[in-house]
Amino acid sequence: MSVGDDWRSLGKVSGNIPTEYGTNVNSQLYVAVTFPYYNAYLQVLMVYNAATARQEVHCELSWSNDTLTWYRIEPGTDFIPLGDDESFESHICYGSIPVEDPRTGVIKEYYFGGDGPIWLLVFAQR
């Protein structure tokens, strides 16, 4: 069964790995946008690869029945893929809550991207 066949199977397909656990020590769960979807909740989860030279932020998808415990769908697989090295979204992707067009019923996912590393500056004051 593929992930797209039946949302009730998503926990089984993803191995029921709660979202607080990354796929490796480099994956930091960074930002999430959450929205109801049928009888569950979905989340566009931004994953920051902090320990790499590229400093990438990837968008993944996770789900929950209760908003307390979340499961990643295909951990390590981009929901919104990064673009090639020449594109505006070569390093960073931030997703949004999907929007349904009331006229057509088409669901659209909007996002913005970045074409360079994310550098987080921390300023300490004495």
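Is R54 buried, partly exposed or exposed? R54 is partly exposed, with a relative accessible area of 30%. On this scale, buried means under 20% relative accessible area, exposed means over 50%, and partly exposed is in between (1.4 Å probe, protein chains only).

Before going further, a word on the model: this is a predicted structure, in which local features need pLDDT of at least 70 and side-chain atom pairs count only at pLDDT 80 or more, while totals for chains, interfaces and linings use all residues. Residues are numbered from 1 along each chain as its sequence is written, and side-chain values use heavy atoms, with hydrogens and water left out.

## Salt bridges

The structure holds four salt bridges. The term stands for a side-chain nitrogen of Lys or Arg within 4 Å of a carboxyl oxygen of Asp or Glu. Here are some of them, with their N to O distances.

| Pair | N to O distance |
|---|---|
| R54 and E56 | 2.6 Å |
| D85 and R54 | 3.3 Å |
| D101 and R103 | 3.3 Å |

R54, E56 and D85 are linked in a network. What does the pairing of D85 with R54 tie together? D85 lies in the loop between β4 (71–73) and β5 (92–95), and R54 in the loop between β2 and β3 (57–64), so the pair ties together parts that are 31 residues apart in sequence. Strands here are DSSP runs of E with at least two residues, numbered from the N terminus.

## Two residues of strand β2

Let us turn to Y41 and Q43. Both lie in strand β2. Y41 is partly exposed, at 31% relative accessible area, while Q43 is buried, at 8%.

Which side chains make polar contacts with the side chain of Q43? One is T34, at 3.2 Å, and another is S62, at 2.9 Å. A polar contact is a pair of N or O atoms within 3.5 Å; within protein, one must be able to donate a hydrogen and the other to accept it, and residues adjacent in sequence count only if both atoms are side-chain atoms.

Contacts in general (heavy atoms within 4.5 Å) can be listed too, leaving aside neighbours within four places in sequence. For Q43, they include A32, V33, F35, E60, L61 and W70. For Y41, they include P36, W63, S64, N65 and T67. The C-alpha atoms of Y41 and D66 are separated by 7.5 Å, although the two residues are 25 residues apart along the chain.

## A nonpolar patch

Y37, Y38 and I107 make a nonpolar surface patch of about 370 Å². Patches are made of residues with over 30% relative accessible area and no salt bridge; like charges are joined within 9 Å, and nonpolar side chains (Val, Leu, Ile, Met, Phe, Trp, Tyr) within 5 Å. The areas come from the Shrake-Rupley method with a 1.4 Å probe, and for residues only the protein chains shown count as cover.

Y38 is found in the loop between β1 (27–37) and β2 (40–49). With a relative accessible area of 68%, Y38 is exposed.

Key:
Helix = DSSP H or I, 4+ residues; strand = E, 2+ residues; numbered from the N terminus.
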